[in-house]
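Visitor: Walk me through this model, please. Keep it brisk, and show me the structure first.

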Amino acid sequence: MASVELRGVSKSFHTIDVIRDVDLRIEDGEFVVFVGPSGCGKSTLLRMVAGLIPVTRGEVAIDGEAVTDVPASARGVAFVFQSYALYPHMNVERNIGFALETAGQRKEAIRAKVKEVARLLKVDHLLGRRPRELSGGQRQRVAIGRALVRKPEVFLFDEPLSNLDTDLRAEMRVEIARLHKELGTTMIYVTHDQVEAMTLADRIVVLNAGRIEQVGSPSELYHAPASRFVAGFIGSPRMNFLKVRDEAGVLTGAGGLALPVGLPGVAEIGLRPEALRLVAPGEGAISGRLERIEDLGHEHHAYVRLSDDSVVALRLPGRVPAATVDETVALGFDRDDLYLFAEDGRRLAPALRQGAAA
């Protein structure tokens, strides 16, 4: 096990800056997930930790030792790719143990280590099969086993579940979480799927245009986002944002919104879908036309179009809401659930006047 530290790390391809002055420390045994939109640099950053992409500026350290100029093979890390990258002509046993073969270890030692890893990953009954005879989930286990058998200090995962269907993804999330608990090895995981990030991570690193927007636990990022970007990226359905203007100390916006506040510089307010509720006509803070209701069984998602043509989403538990499509509805919320954002996207400290609900 080992800590990982990035000190002022940057990466440029010709004149394009992909990673910009990243400072980050990942503690020994921690499970950290990199998330962000496509092109934000999360996979590039992971490959820089692995040594697969050279650093333009800055330093990478593993277990306190600078490894910026150390080749990937000597860094003590193991990489699990999005594509399984298994050797099609080898069976599972040889795929898992091949790195040990090339290192010149004895066959008896390799066989013992492969069996140990295969039992841990629940593929010990598949050792004689070839990759084409395996399911997607089984292939991913074999790919993880090939990394695990080397006993690395740091595991690096680059979107390892993106090729799997929904059920297998859920199953493999459980397996990866179990693996981390049993091994206690430092793990860095890249994904575009926030469900994976929220369910697996000790801490999440949110990246945007090559920079870190925020680092924190899943709960911290969800309940205390530092910026509009983080607030909108974490959560599904995403947070609702309403443009507002200050009129004599009252924030006004679409749908008849009028909120008294004591904080200058507010350009937008944010409300998570579960914070909004349908209320009796005339009792809500916002009104609009109910455009669509999605029945998910355990809950419903409703979409309401406001007067400025923007759409807000509601997450409603239980049975179908007592409203019909194209009907004008009123929406209420608790003021403690409001997020306030400045023009530059920073989240502002709430300063609403007293009042339990709107």
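Guide: Start with strand 10, where Val-215 is the bridge partner of Val-205. The model is predicted, so local features need pLDDT of at least 70, side-chain atom pairs need 80 or more, and totals for chains, interfaces and linings use all residues. Residues are numbered from 1 along each chain as its sequence is written, and side-chain values use heavy atoms, without hydrogens or water.

Visitor: How many bridges join strand 9 to strand 10?
Guide: Strands here are DSSP runs of E, at least two residues long, and helices are runs of H or I, at least four, numbered from the N terminus. Two strands pair if DSSP finds at least two bridges between them. Strand 9 covers residues 203-208 and strand 10 covers 211-216. They run antiparallel, and the number of bridges is 5.

Visitor: Which residue takes a positive phi in the hairpin of strand 9 and strand 10?
Guide: The hairpin has 2 residues between the strands. A positive phi near 50° is found at Ala-209.

Visitor: How many helices and strands does the protein have, and what span does its C-alpha trace cover?
Guide: There are 8 helices and 21 strands. Along its principal axes, the C-alpha trace spans about 80 × 45 × 35 Å.

Visitor: Which residue in strand 20 stands opposite Gly-270?
Guide: Strand 14 (residues 266-271) and strand 20 (residues 339-342) pair in the antiparallel sense over 4 bridges. Opposite Gly-270 stands Tyr-339.

Visitor: Which residues does Tyr-189 contact, leaving aside neighbours within four places in sequence?
Guide: Contact means heavy atoms within 4.5 Å. The partners of Tyr-189 include Phe-31, Val-33, Phe-157, Pro-160, Ile-176, Glu-196 and Leu-200.

Visitor: Is Ile-19 buried or exposed?
Guide: Buried means under 20% relative accessible area, exposed over 50%, and partly exposed in between, using a 1.4 Å probe and protein chains only. Ile-19 is found in strand 2 (residues 16-26). Its contacts beyond four places in sequence include Val-9, Leu-45, Met-48 and Gly-210. At 0% relative accessibility, Ile-19 is buried.

Visitor: Is His-14 buried or exposed?
Guide: His-14 is found in the loop between strand 1 and strand 2. Its phi is positive, about 60°, although His-14 is not a glycine. At 82% relative accessibility, His-14 is exposed.

Visitor: What is the phi of Asp-21?
Guide: The place of Asp-21 is in strand 2. Asp-21 is another residue, not a glycine, with a positive phi, near 50°.

Visitor: Which residue in strand 4 stands opposite Ser-10?
Guide: Strand 1 (residues 4-13) and strand 4 (residues 57-62) pair in the antiparallel sense over 5 bridges. Opposite Ser-10 stands Arg-57.

Visitor: Which residue takes a positive phi in the hairpin of strand 4 and strand 5?
Guide: Strand 4 and strand 5 (residues 65-66) run antiparallel, joined by 2 bridges. Ile-62 stands opposite Glu-65. The hairpin has 2 residues between the strands, and the one with phi near 55° is Asp-63.

Visitor: What is the omega of the cis peptide bond from Ser-236 to Pro-237?
Guide: Pro-237 is placed in the loop between helix 8 (228-233) and strand 11 (240-247). The bond from Ser-236 to Pro-237 is cis, with omega near -5°.
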